[in-house]
Amino acid sequence: MSAPLALSGFMGAGKTSIGRRLARSRGLVFVDLDVEIEAAFARSIPEIFARFGEAAFRAMELRLLRQALALPDRVVALGGGAVASPEARALLTRDATWVHLAVPFHELQRRVRADRDSARPLWSDPEAARRLYDARAPLYAEAPLQIDAEGPPDVVARSIASRLEGTDTLARRPADHPAERLRVPIPGEEYDVVVGRGLEGVADAVGGVGDGPIAVLTDWNVGPLHLDALLAALRTTGRPLVSATLPAGEEHKGMRPVLDAVDRLLDAGWQRRAPVVALGGGVLGDMAGLVAALVLRGVPFVQVPTTLLAMVDSSVGGKVGVNHRRGKNLIGQFHQPALVWTDLAYLDTLEDRELRAGLGEVVKTALIGDPELLARLEADPDAYLRRDPATLADAVLRCCRVKARIVAEDAHERGRRALLNLGHTVGHGLEVVCGYGRLRHGEAVAIGLVAAAALGSALGVTDPGLTPRLTSLLSRLGLPTQAPAVDISALANAISRDKKLKGDSLQWILMDETGEAAIRALPVHRLQEHLAQLVAAGVLEARGGG
């Protein structure tokens, strides 16, 4: 493994195009820091500067730079001003191979003029751009490796690769975490959640589920990374194996991929006790679980979650389903898994944004049932962003314990289990109106948590101090706390069609005066009023200002 490679350069130096080529040629992960920052605010960079100011932008930039440099084998393209902070330059010097792409000012100016699609407001004033270029020159000069980047991106990428041959440095390796097992005690449907690192023991565990062939369903993102290793482990069971790849992403979470997978299993002559194994994140787990629930009226189901969000939330509890054009997860069933096998090593290859999205559900779970976890999150959020192995293992186990306890009391969400929907009323609505895939589920939940706190405060049932406290924590975890501009009427429509509607009331989960989550039935006819309160609180923004 090699230390992460960080590319700095002035606007127009080619950091993204060169970085992508370099990553692809060396089989590395590419991270565009500006794209990560936009996701963390759920806004474009000009919008971030206009709404939150440069100080908030730079603080998030430094936070996400730490996260980006926490793993080896990746190429990180920095924003033009990322090196302005002494802390950032210290991080780059200590934790990365820092390469500066040197391009003369006249060449940068030529590139911007030639790029008709370029949206770089600074270049509308060439004298201001020149002053900034000169001011940053001494900072860029601190990069240990200076590369002439005046040529084509492919040539520059090859030049960097050549200069770096044989310079790999020792990277941080995750500590081993011995497997721990906890029981989800649903009467008649008990199962184990195993949390550890590696696939040792997975064959025995899955081999003990049902009989006959084993189907492994994955998606096109996870499959190339992890399918072969899992299939190799499961071959030692001696049972026939079938595998299928489903599309990845919330925008593809519908009935078509589910029915295609059902066809595949039925064509293979599936049997009533032959299990389906879900290898993937929450979307894949929900779809594969629905496949298992539908085939032959229900076959055994094993969750092998590969994302933090799936590990701490969706893999436990038996909710399986897909989206409908009218709302999220409106088609589905309760189908409890027979086993959840959580390999923490999968988090080593998880994209930074996906890890942060999972932390949104971690915060939700901590609010509902683990004050100690909430205190740990607030004390050292960077430990979670930099993927400290012991910290993430602790978070996964704590979240699974909370969810197992609640699910055991209310397996089919007829009462207390609804508490797990904290942050989901507004969160699900935002996913629908923004378009599936624009916001990750955990990002939408993060905004929804702030919305629940702000609404509870406005209604006089929640401590007013919770909203700024949550906003601070979620921001420090690199999560959005304010929604992008949306049509408020469309949002109200999406929320009113959610599964939380009962009669003429919506079930909101709000924190009460004691800090406990509680179910509150609020009249649907007041929904527009409640959303207006969230606009006034700055959590929502009405598109067009109306």
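User: Which strand does S8 pair with, and in what sense, parallel or antiparallel?

Analyst: S8 pairs with strand S9 (residues 241-246) in the parallel sense, over six bridges. Pairing takes at least two bridges found by DSSP between the two strands. Strands are DSSP runs of E with at least two residues, helices are runs of H or I with at least four, and both are numbered from the N terminus.

User: Before we go on, what are we looking at, and how are things counted?

Analyst: This is a predicted model, so local features need pLDDT of at least 70 and side-chain atom pairs count only at pLDDT 80 or more, while totals for chains, interfaces and linings use all residues. Residues are numbered from 1 along each chain as its sequence is written, and side-chain values use heavy atoms, with hydrogens and water left out.

User: OK, back to S8. Is that strand buried or exposed?

Analyst: Six of the six residues of S8 (residues 214-219) are buried, so the strand is largely enclosed by the rest of the structure. Buried means under 20% relative accessible area, exposed is over 50%, and partly exposed is in between, with a 1.4 Å probe and protein chains only.

User: Which residues point which way from S8?

Analyst: Ile214, Val216 and Thr218 point one way, and Ala215, Leu217 and Asp219 point the other.

User: Switching topic: what's the strand order in the open sheet of five strands?

Analyst: The order is S2-S3-S1-S4-S5, with parallel pairing. Strand S2 (29-32) and strand S5 (145-148) are the edge strands, each pairing on one side only. Neighbouring strands there are turned by 25° against each other on average, direction ignored.

User: And which helix packs on that sheet?

Analyst: Helix H1 (residues 15-26) does, touching S1, S2, strand S3 (74-77) and S4. The direction of H1 makes about 165° with that of S2. Contact here means heavy atoms within 4.5 Å. The angles run from 0 to 180 degrees between N-to-C directions, with axes fitted to C-alpha atoms, for helices over the stretch in contact.

User: How many bridges join S1 to S4?

Analyst: Four bridges join S1 (residues 5-8) to S4 (residues 97-102), and the two strands run parallel. In S4, tryptophan 98 is the bridge partner of alanine 6.

User: Alanine 233 next. Which residues does it touch, leaving aside neighbours within four places in sequence?

Analyst: Val202 and Ala203. Alanine 233 is in helix H10 (residues 223-235), and at 16% relative accessibility it counts as buried. Glutamate 200 is 33 residues away from alanine 233 in sequence, but 8.1 Å away in space, C-alpha to C-alpha.

User: Last one: how many helices and strands does the chain have?

Analyst: The chain has 22 helices and 19 strands. The radius of gyration is 24 Å, close to the 24 Å that the globule rule gives for 546 residues, so the chain is as compact as a globular protein of that length. The radius is taken over C-alpha atoms, and the rule is 2.2 Å times the number of residues to the power 0.38. Buried residues make up 56% of the chain.
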